[in-house]
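Hi,

Here is the structure I promised to pass on. Please open it first, then read my notes below.

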Amino acid sequence: MKPMRSGFDSIRKYLGSKKEKGRRQIALLVDGPNMLRKEFQTNLEEIRDVLKDYGTIKIGRVFLNQYASEKLVEAIEAQGFEPIICSSDVDVRLAVEGMEMVFNPVIDTLALVTRDADFKPLFSKANEHGKETILFGAEPGLSIALKNIADYVIVLKEGVMEHENEIKEPIEPIIVE
């Protein structure tokens, strides 16, 4: 009797060909109450697709407050993200999880979807530890401090993504006499 031929070898070969060296390992954290608003038309699927071209999303979490609707939670799960429901301040929970990503050796890129300047220290610590930082923000109200510390800035304007110039404008020095 001939041994049954298994498709595992061809599957292993196929999957091995898909693994690209040098791809970034990304943690994507979304500030739900700040960004998932009708006026910003934030499309998590588009953000995920943009990041997939750049690297592999290892962690994708959307932080929501306790008032998030079941439909929103279901939609987030259907898009492959992990909804995190916070009974207290969403920003604190996101910052704590973000710090875990800074010290996670698997993650080399931290991507945040927010407009909030409260996350500047998180990006600062990520940069200090050699992590790349990507900001997806929205106007109006996108923190200039957050834009200035992120390695890459993508701004959502009326539902359309636009990248900021990679070369940051020099800041005028303050001269004290």
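The protein has 7 helices and 7 strands. Bear in mind that this is a predicted model. Along the sequence, the elements run α-β-α-α-β-α-β-α-β-α-β-α-β-β.

Some overall numbers next. The protein has 177 residues, and 38% of them are buried. Its accessible surface is about 11,500 Å². Carbon and sulfur atoms account for 53% of that surface. Take the contacts in the protein with a separation of 6 or more: 58% of these link residues 24 or more positions apart.

Now to one residue, Thr109. It belongs to strand S4, which covers residues 109-113. Is Thr109 buried or exposed? Its relative accessible area is 0%. The cut-off for buried is under 20%, so Thr109 counts as buried.

What does Thr109 touch, leaving out residues up to four places away in sequence? The list includes a run of Arg24, Gln25, Ile26 and Ala27. Tyr54, Glu132 and Ile134 are on it too.

Gln25 shows how the chain comes back on itself in sequence terms: Thr109 and Gln25 are 84 residues apart along the chain.

The side chains of Thr109 and Arg24 are joined by a polar contact of 3.2 Å. Another polar contact, of 3.5 Å, joins the side chain of Thr109 to that of Glu132.

Best wishes

Key:
Residues numbered from 1 in each chain as written. Predicted model: local features only at pLDDT ≥ 70, side-chain atom pairs only at ≥ 80, totals over all residues. Heavy atoms only, no water. Helix = DSSP H or I, 4+ residues; strand = E, 2+ residues; numbered from the N terminus. Buried < 20%, exposed > 50% of the residue type's maximum accessible area, 1.4 Å probe, protein only. Contact = heavy atoms within 4.5 Å. Polar contact = N/O pair within 3.5 Å; in protein donor to acceptor, adjacent residues only side chain to side chain. Areas by Shrake-Rupley, 256 points an atom, 1.4 Å probe, with all protein chains shown as cover.
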